[in-house]
Amino acid sequence: EYLMKLTEAEQRSNEIVRKAQESREKRLKEAKFDAEQELGKMRQELEQEYNSASQGNQGGDEELQQLQEEYSKKTQEVHKQYEAHKQEALDFLIETVLNVNIEVPAVVKGKFS
């Protein structure tokens, strides 16, 4: 009689453990499914964000190209001005260096006289 009760208790405990395992497996499958769906949504959102950003960058590339062209034009203008005024600047520098007034100012002469 005690042996039968013990066997029945063991069978009930085995049934409880089996149901718990089945329940756990079911919850894991549901969690995995939910996670995969959430991951799919996130992936789609990130792809849309990336596509939007890359389309926005195309405008940025055009803007960058426009800035580079503007920079190139301005540097060409600076080089033209340099070439046009280079000789004048050199002449001015040479004249300034070579025409130094070597006379002692009157104020200084007065101190030594």
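Predicted model: local features only at pLDDT ≥ 70, side-chain atom pairs only at ≥ 80, totals over all residues.
Leu 98 belongs to helix α1, which covers residues 2–98. Leu 98 counts as exposed because its relative accessibility is 64%, and the cut-off for exposed is over 50%.

Charged pairs come next. Side chains of opposite charge can pair when their charged atoms come close. The whole structure holds four salt bridges. Among them are these:

| Salt bridge | N to O distance |
|---|---|
| Glu 15 – Arg 18 | 2.1 Å |
| Arg 18 – Glu 22 | 2.5 Å |
| Glu 70 – Lys 74 | 3.5 Å |

Both Glu 70 and Lys 74 sit in helix α1, four residues apart, about one turn of the helix. How exposed are the two partners, Glu 70 and Lys 74? Glu 70 is partly exposed, at 39% relative accessibility. Lys 74 reaches 53% and so counts as exposed, given the cut-off of over 50%.

Shared partners join Glu 15, Arg 18 and Glu 22 into one salt-bridge network. Glu 15 and Arg 18 are three residues apart in helix α1, about one turn of the helix. Arg 18 and Glu 22 are four residues apart in helix α1, again about one turn. Glu 15 is partly exposed, with 31% relative accessibility. Arg 18 is partly exposed at 35%. Glu 22 is partly exposed too, with a relative accessible area of 41%.

Methods. Residues numbered from 1 in each chain as written. Heavy atoms only, no water. Helix = DSSP H or I, 4+ residues; strand = E, 2+ residues; numbered from the N terminus. Buried < 20%, exposed > 50% of the residue type's maximum accessible area, 1.4 Å probe, protein only. Salt bridge = Lys/Arg side-chain N within 4 Å of Asp/Glu carboxyl O.
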